[in-house]
Amino acid sequence: DYCLRLDEETGTALARFTTSFNTTAAVVFYCAWGLLLQKFNNSDDVLFGTTVSGRSAKIAGIADMVGLFINTLPLRVHSHPAQRITDLLQNLTETMLAREAYEHTPLPGLNRFSRANSAAYPFDSIVVVENYPLDLQSLQKSSPLTISSYWLREAPHYALTVVIEMLDLIGIRFSYPQGVLTEEFIQRLGAHFLRMIRAVL
């Protein structure tokens, strides 16, 4: 894994930007990643994976259910040189809202509706925005449940997973299988991603 953090100035600019343009940090990150993929692939039309919590479903009692409801869905970023960034962000926001009705569709099932090879994933990279960090101190004060520590091991199926942790200082972690990408490439990619986020803002 390779990790970096957004500096405080960029984090503050992001908060101001999302408020001013009525969007979310996730949409800004998706936009920046999509534009970066376009540059790397010399294309104005790219596809990558994103995760959805799955807890917005209209299922009775879902808020009280224990379990992992997370699903992966593709997100298409299509732009053109004359397009304003605010228009692209608006398009992405509308796309995210429209796809809520399909957020429980299993990823393998999506290939049936595309021309993609049904045996393969339709994308190589996935962006995961983790905006649910547990406030362990609050939890321990207000609940009989206590957590002393936790441990997490992820084994993604993609060539590249970008995890964005929405903490006080926003963290960005690049996970990739050994031998697929080099650490030098990932470090350059991380620097480009930070520059693209700032360019969007």
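## Two exposed loop residues

With a relative accessibility of 75%, N42 counts as exposed, a term that stands for over 50% relative accessible area, whereas buried means under 20% and partly exposed covers what is in between (1.4 Å probe, protein chains only). N42 is found in the loop between α2 and β2, and its phi is positive, about 50°, although N42 is not a glycine. N22, in the loop between α1 and α2, has a positive phi as well, near 50°, and is likewise not glycine; at 68% relative accessibility N22 counts as exposed. Most residues other than glycine have a negative phi.

This is a predicted model, in which local features need pLDDT of at least 70 and side-chain atom pairs count only at pLDDT 80 or more, while totals for chains, interfaces and linings use all residues. Residues are numbered from 1 along each chain as its sequence is written, and side-chain values use heavy atoms, with hydrogens and water left out.

## Overall make-up

The protein has six helices and six strands, where helices (H or I, at least four residues) and strands (E, at least two) are DSSP runs numbered from the N terminus. Along the sequence they follow the pattern β-α-α-β-β-α-α-β-α-β-β-α. Of the 201 residues in the protein, 37% are buried.

## The sheet

Six strands form an open sheet of mixed pairing, in the order β1-β6-β5-β4-β2-β3; two strands pair if DSSP finds at least two bridges between them. Because β1 (2-5) and β3 (71-78) stand at the edges with a single partner strand each, one side of each is left without a neighbour in the sheet. From one strand to the next, the twist averages 25°.

The partner of β1 can be followed in detail: β1 and strand β6 (residues 171-175) run antiparallel and are joined by four bridges, and C3 has R173 in β6 as its bridge partner.

## Helices α1 and α2

Helix α1 (residues 8-20) packs against α2 at an angle of about 105°, with the axes 9 Å apart; axes are lines fitted to C-alpha atoms, for helices over the stretch in contact, and angles run from 0 to 180 degrees between N-to-C directions. The two helices are therefore roughly perpendicular to each other, the term for angles of 65 to 115 degrees, as against under 35 for roughly parallel, over 145 for roughly antiparallel and oblique for the rest. L14, F17 and T18 of α1 meet A25, V28 and F29 of α2 in this contact, which means heavy atoms within 4.5 Å.
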